[in-house]
Amino acid sequence: MRKNKDMRKKIFINALGSSYIRATIVEIEEESVLLSLTKNGERVGNLKIYVPILSFFDDDVIEKGHNFLVKIRDVRAENGMFLVEGTRRDSGIIKLEFKEIFDVFVERLLLKTAEEELFKREDFAYRILDIDLNKKEVHIQLKNKRMGRFVAVVAKVTQSRLGFRVIWR
């Protein structure tokens with residue numbers, strides 16, 4: 001029985017390309033939230049994503065229309081639809097969201113300073129050392145130590161959006 005469940009999940013993840021998906025809240029129930037894959041505000045496919053409210057982070061603003069990264073935990077087929085159980089409480093979610101925030105700031109800075117050619121993409125190289133879900137911390141190591149001021153700005157935004165502190169060295 002367990003093998004079928006794992007195989008179904010693996011096939012589904014392979015079809016989507018990742019175990020992490022971005023989905024939009026379409027309905028809020030008493031103990032759970034229903035999300036759906038959307039494109040241009042329209043629902044895509046026959047997929048419902050069920051996430052228990054306790055699986056969201058404390059700082060997540062749960063409102064209809066908001067979208068979140070969700071990790072797939074289980075997949076079932078019911079009445080011609082795929083019912084996916086997901087969670088937000090996963091270090092991979094924080095890693096992807098931190099990477100998104102960091103990349104947006106890098107792109108902005110590179111665009112602003114393109115004519116002067118002050119920075120190259122390699123100047124912003126970093127490595128995530130650890131993500132502590134209990135302490136709500138992201139530990140990173142910078143390749144270029146001079147980027148501390150830049151990371152301080154990213155850390156402030158990460159704190160406000162995700163509720164996680166960024167600690168760098």
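**View 1. Aromatic pairs in the predicted model.** A search of the whole structure finds eight aromatic pairs, where rings of Phe, Tyr and Trp (its six-membered ring) pair if their centres lie within 6.5 Å. Planes under 30 degrees apart count as stacked, over 60 as edge-to-face and the rest as tilted. One of the pairs is formed by F98 and Y126, edge-to-face, with 5.6 Å centre to centre and 90° between the planes. F98 lies in helix α2 and Y126 in strand β8 (residues 126–132), so the pair ties together parts that are 28 residues apart in sequence. Helices (H or I, at least four residues) and strands (E, at least two) are DSSP runs, numbered from the N terminus. This is a predicted model, in which local features need pLDDT of at least 70 and side-chain atom pairs count only at pLDDT 80 or more, while totals for chains, interfaces and linings use all residues. Residues are numbered from 1 along each chain as its sequence is written, and side-chain values use heavy atoms, with hydrogens and water left out.

**View 2. The whole chain.** Three helices and 10 strands make up the chain. Along the sequence they follow the pattern α-β-β-β-β-β-β-β-α-β-β-α-β. The C-alpha atoms fill a box of roughly 60 × 35 × 30 Å, taken along the principal axes.

**View 3. Helices α2 and α3.** Helix α2 (residues 91–112) and helix α3 (residues 148–162) pack at an angle of about 135°, with their axes 10 Å apart. Axes are lines fitted to C-alpha atoms, for helices over the stretch in contact, and angles run from 0 to 180 degrees between N-to-C directions. α2 and α3 are therefore oblique to each other; angles under 35 degrees count as roughly parallel, over 145 as roughly antiparallel, 65 to 115 as roughly perpendicular and the rest as oblique. The contact (heavy atoms within 4.5 Å) involves residues including I94, F98 and F105 of α2 and F150, V154 and R161 of α3.

**View 4. The closed barrel.** Five strands form a closed barrel in the order β1-β2-β5-β7-β6, with mixed pairing; two strands pair if DSSP finds at least two bridges between them. Neighbouring strands of this sheet are turned by 50° against each other on average, direction ignored. Strand β2 (residues 32–36) and strand β5 (residues 47–52) run antiparallel and are joined by four bridges, with V33 opposite V51 in β5. α2 packs on this sheet, touching β1, β6 and β7, and its direction makes about 140° with that of β6.

**View 5. Strand β6 and its partners.** Strand β1 (residues 20–28) is joined to strand β6 (residues 67–78) by five bridges, and the two run antiparallel. T24 stands opposite N67 in β6. Seven bridges join β6 to strand β7 (residues 81–87), again antiparallel, and A77 faces F82 in β7 as its opposite residue. β6 and β7 form a hairpin with two residues between them, and N79 in the turn has a positive phi of about 50°.

**View 6. The open sheet.** Three strands form an open sheet in the order β8-β9-β10, with mixed pairing. Its edge strands are β8 and β10 (165–168), each pairing on one side only. β9 and β10 run parallel, joined by four bridges, and I140 stands opposite W168 in β10. α3 packs on the sheet, touching β9 and β10. K136, in the loop between β8 and β9 (137–142), has a positive phi of about 55° although K136 is not a glycine.
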